[in-house]
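Could you walk me through this structure in my viewer, one selection at a time? I would like to know what to click on next and what I will find there.

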Amino acid sequence: MYNGVQIVKVGDQVRLILPSDRFFNPSSANLNIQYLTVLRKVVTFIRAFDKIDVKVSAYTDNLNDWQHNLALSRQQARVIEHTLWKGHIDARILYSNGYGES
């Protein structure tokens, strides 16, 4: 892919690593509109697979307290999950979770 998106294959899993500092406005769960095109390409990439399980995991930096970071990462994960859902990802399971700075 491009624009900082990394593809890592681990066994039978494919992991896409999206840099949250590019995809979200600073310290928010609002998508950076400049990266919507990239996110659409991620959706297209995922749609190339037959029914799969999709897990969205989000993390933050450690600039705020842990409670804020945990809540922010959970919100960001839900935004990505919702965007994938809107892109008609053919997933058996689509779920998300945020892990704060851990």
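Here is a short tour of this predicted model, stop by stop.

**Stop 1: a helix pair**

Begin by selecting helix α2, residues 36-47, together with helix α3, residues 66-86. Two packed helices are described by the angle between their axes and the distance between the axes. Here the axes of α2 and α3 come within 10 Å and cross at roughly 60°. That angle makes α2 oblique to α3, and the crossing is right-handed. Now show side chains where the two helices touch: α2 brings Leu39, Val43 and Ile46, while α3 brings Ile80, Thr83 and Leu84. By type, these contact residues split into five nonpolar, one polar and no charged.

**Stop 2: Asn69**

Stay on helix α3 and pick Asn69, which lies within it. Is Asn69 buried or exposed? Asn69 counts as buried because its relative accessibility is 1%, and the cut-off for buried is under 20%.

**Stop 3: the salt bridge**

How many salt bridges does a search of the whole structure find? The search finds one. Select Asp53 and Arg92 to see the pair, whose closest N and O atoms are 3.4 Å apart. Side chains of opposite charge can pair when their charged atoms come close. This pair links distant parts of the chain: Asp53 sits in strand β3 (residues 52-58) and Arg92 in strand β4 (residues 91-98), 39 residues apart. If you colour by accessibility, Asp53 counts as partly exposed at 46%, whereas Arg92 is exposed, with a relative accessible area of 57%.

**Stop 4**

Most residues other than glycine have a negative phi. With that in mind, which loop holds Ser27? Go to the loop between α1 (20-23) and α2, where Ser27 is placed. Ser27 has a phi near 50°, a positive value in a residue other than glycine. Ser27 is also exposed, with a relative accessible area of 55%.

Finish at His88, in the loop between α3 and β4. His88 has a positive phi of about 60°, although it is not a glycine. At 60% relative accessibility, His88 counts as exposed.

Methods. Residues are numbered from 1 along each chain as its sequence is written. This is a predicted model: local features need pLDDT of at least 70, side-chain atom pairs count only at pLDDT 80 or more; totals for chains, interfaces and linings use all residues. Side-chain values use heavy atoms; hydrogens and water are left out. Helices (H or I, at least four residues) and strands (E, at least two) are DSSP runs, numbered from the N terminus. Buried means under 20% relative accessible area, exposed over 50%, partly exposed in between (1.4 Å probe, protein chains only). Axes are lines fitted to C-alpha atoms, for helices over the stretch in contact, and angles run from 0 to 180 degrees between N-to-C directions. Angles under 35 degrees count as roughly parallel, over 145 as roughly antiparallel, 65 to 115 as roughly perpendicular and the rest as oblique. A crossing is left-handed if the near helix is turned anticlockwise from the far one by less than a right angle, and right-handed if clockwise. Contact means heavy atoms within 4.5 Å. Ala, Val, Leu, Ile, Met, Phe, Trp, Tyr, Cys and Pro count as nonpolar, Asp, Glu, Lys and Arg as charged, and the others, Gly among them, as polar. A salt bridge is a side-chain nitrogen of Lys or Arg within 4 Å of a carboxyl oxygen of Asp or Glu.
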